[in-house]
Amino acid sequence: MNDQDRLEQLEQRMLRLEQLMRQVLQAMPERAAGLRPPPMQVPVVPVPPAAPPVSAPPPVVAPGLVKAAPPRAPSLDGEQWVGQRGLLAVGVVAVVLAAGYLLKLSFDRGWISPLMRCFGGAAAGLGVAVLGWSVERRGYRTYGPALVGTGAAIIYVTVWAASSLYGFLPPAMGIGAMALVALALSAAAWKLDEEALGAVAAVGAFLAPIVIGNVDADADRLLAYLAAIGFTMGAVAWEKGWRLTALLIGASYFGLGLSAADAAHPLAILAYGACGGAAGLALGLKRDWWETRFLSFWGGWGCLTFVDSASTAPLVLLAGMALSYPVWDFALKWDGVWPFGERSEQRRPILPSLYFYVTPLWLIWAVDRLGYPAFTTYPGLAAAIVGIAYLAIGLTGRRRAFAVVGTLGVLGGAMVEWDWGLVSAGVAGLLALAWGAVGRVTRRSDWNLHALVAVAMALLVHQTQAVAARPLDGPAFTDSWALVMWGLIAVAIALATDLAAPDDDPRTQRTGALWVMAGLMLLVSVTGELHRFFRLNVVDPQTASLAGGLAISVWWLLFAGACILVGFRRGLRPLRVAGLWVSGLAVMKVVFIDLSTLDALYRVASVFGLGLVSLLVAWSYHRRARLDAADLPSDR
């Protein structure tokens with residue numbers, strides 16, 4: 001091999017090496033793109049044609065240069081947890097205690113003047129905080145914030161000593177200085193994104209009035225201070241999503257605020273409760289934090305209960321509406337109030353919906369506090385006003401939960417107004433008609449449910465409270481109690497036929513339930529009225545019993561036949577089945593009661609009626625079977 005051949009082989013190897021370097025650089029991560037060297041410029045000497053071409057090897061990617069997923073943060077075992085977290089907590093507490101002991105020791109032995117002690121403590125705390133900030137910037141995400149909190153605690157204790165022990169600062173100035181320390185720590189928590197620092201800052205800011213002086217010394221100023229701290233730190237918790245911090249803020253805000261509410265000005269406590277409660281409710285509903293919702297709802301309305309002056313009653317109602325706004329907004333935007341919310345494993349709207357259904361009760365209380373003479377004259381007016389307001393909102397758009405509350409409010413107001421008597425049952429029946437008409441016009445099937453609830457409540461009142469107040473000597477079939485009953489039956493039948501919205505879900509049993517309700521009401525009512533009629537109009541008790549028994553048997557048989565005929569006419573199988581059940585009861589009554597107790601003529605009439613109705617019913621079934629067979633296609 002001569003020198004020319006060696007030179008050609010060297011050039012080919014250089015070309016091969018250049019190709020490999022380019023492939024390796026292309027496989028490197030994106031972040032290494034800026035560090036790539038410029039492509040190598042290797043002079044290529046022409047190869048003589050006689051030399052055979054050398055094929056390049058397949059691309060090779062260095063295994064160490066493949067882009068891998070970012071490594072997970074290593075989990076702490078027992079030893080590491082004690083070394084990193086446990087000893088860190090012990091060190092922080094020990095340093096704070098040492099600072100306190102040093103202050104006490106210097107005071108007892110007179111080493112330095114009190115003023116120098118305070119300046120020295122503040123400087124030491126500031127130095128520790130700055131050191132912690134610097135350490136955190138170097139990547140120590142736990143150690144650095146702990147030192148920052150330690151420094152803030154030293155400054156906090158120093159300010160307390162300067163105000164309470166040495167008297168250098170007046171109480172108001174001491175509270176303000178401690179609040180500034182807490183706010184500075186809260187700003188550091190925001191910057192470092194450490195919730196623990198935010199929680200400590202909230203506790204320190206709200207404890208300042210307690211450790212410095214009496215919280216009842218000036219209730220209005222205390223409320224102003226608590227409101228400023230609460231809304232400032234609450235904004236941080238809102239933005240960062242710090243649940244523990246929000247809990248501490250809510251507990252401190254309403255805990256201290258309620259303790260001073262009795263001595264505060266009515267306007268101050270109204271603004272304090274309404275603004276704080278509304279903000280906390282909005283945060284709790286947005287983040288789905290049940291404890292924040294609980295504290296804000298009951299704390300806000302609790303503040304309003306301390307205002308009992310007649311002149312401020314309209315302002316109480318206005319504050320109550322402000323407290324209700326987050327709950328209304330939650331229901332208006334998403335229609336997520338139970339039982340109409342989206343049912344999924346991720347979202348269970350039952351607990352947030354509790355506040356939506358409790359809020360109208362507080363609003364009724366606030367409306368009744370207005371003290372107008374009409375509220376005394378008409379006890380159910382306040383509930384009716386709130387119910388009508390909710391119904392008005394429920395009519396605009398598909399806001400089903402508002403319609404439910406409005407229905408219950410108006411019905412409750414009617415029941416209270418007329419003392420759960422006969423008039424209230426009649427009013428409930430009229431309301432059922434109105435809601436059925438609304439459902440038919442709007443084609444919203446949820447109004448059918450409201451109408452059904454109204455009919456059911458009217459029937460319940462009619463058969464309990466109203467029947468107990470019915471005179472014993474009142475005429476059958478025509479007195480006021482009976483007239484209301486016929487009206488309720490007519491309402492149920494109207495709702496079961498056309499006066500209602502079409503059901504969206506074919507599985508809904510609304511029509512069948514109304515037919516069953518109307519049928520039971522008619523069967524029981526006429527039976528009772530027949531017994532009442534013969535008792536009041538026949539002098540001889542035995543004759544009245546015999547005639548009444550026969551009339552009831554005939555009525556049952558006629559009712560059963562009517563149910564079966566109407567069931568065939570309308571294609572309602574449940575109605576036909578109900579007719580068969582009633583006919584079975586009539587058969588048992590005739591066989592076991594009428595044949596043994598009735599006189600001869602009455603017995604004949606009873607059995608004859610049973611046979612006649614039975615034949616008519618059987619003929620109806622045979623005729624239906626023949627018609628069905630005629631409709632079948634022929635086998636030919």
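The exercises below, each with a worked solution, lead through a few features of one protein chain.

The structure is a predicted model, in which local features need pLDDT of at least 70 and side-chain atom pairs count only at pLDDT 80 or more, while totals for chains, interfaces and linings use all residues. Residues are numbered from 1 along each chain as its sequence is written, and side-chain values use heavy atoms, with hydrogens and water left out.

**Exercise 1. Describe the chain as a whole: how many helices and strands does the chain have, and what share of its residues counts as buried?**

Solution. Begin with the DSSP runs, where helices (H or I) need at least four residues and strands (E) at least two, numbered from the N terminus; the chain has 22 helices and 0 strands. Next take burial, where buried means under 20% relative accessible area, exposed over 50% and partly exposed in between, with a 1.4 Å probe and protein chains only; of the 636 residues, 40% count as buried. Finally turn to contacts, meaning heavy atoms within 4.5 Å: among those between residues at least 6 apart in sequence, 67% join residues at least 24 apart.

**Exercise 2. Work out how α16 and α18 are arranged: at what angle do they pack, and which residues meet?**

Solution. First, locate the helices, α16 at residues 422–442 and α18 at residues 480–497, which pack at an angle of about 15° with their axes 10 Å apart. The axes are lines fitted to C-alpha atoms, for helices over the stretch in contact, and the angles run from 0 to 180 degrees between N-to-C directions. Second, classify the angle: under 35 degrees counts as roughly parallel, over 145 as roughly antiparallel, 65 to 115 as roughly perpendicular and the rest as oblique, and α16 and α18 are therefore roughly parallel to each other. Third, list the partners: residues of α16 including Leu 422, Gly 429 and Gly 436 meet residues of α18, among them Trp 481, Leu 488 and Leu 495. The residues of this contact divide into 10 nonpolar, 4 polar and no charged, where Ala, Val, Leu, Ile, Met, Phe, Trp, Tyr, Cys and Pro count as nonpolar, Asp, Glu, Lys and Arg as charged, and the others, Gly among them, as polar.

**Exercise 3. Examine the backbone at Asp 193 and Asp 288: what is the phi of Asp 193, and what is that of Asp 288?**

Solution. Start from the general rule that most residues other than glycine have a negative phi. Asp 193 has a positive phi of about 60° although it is not a glycine, and Asp 288 likewise has a positive phi of about 60° without being a glycine. Then place them: Asp 193 is in the loop between α5 (171–192) and α6 (195–212), whereas Asp 288 lies in the loop between α9 (266–287) and α10 (290–304). Last, check accessibility: Asp 193, at 45%, counts as partly exposed, and Asp 288, at 40%, is partly exposed.

**Exercise 4. Check the length of α14 and find which of its residues are buried.**

Solution. The expected span of a helix is 1.5 Å times one less than its number of residues. For the 15 residues of α14 (residues 381–395) this gives 21 Å, in agreement with end C-alpha atoms that are 21 Å apart. Its buried residues include Ala 382, Val 386, Tyr 390 and Gly 394. The helix is followed by Gly 397, whose phi is positive, near 85°.
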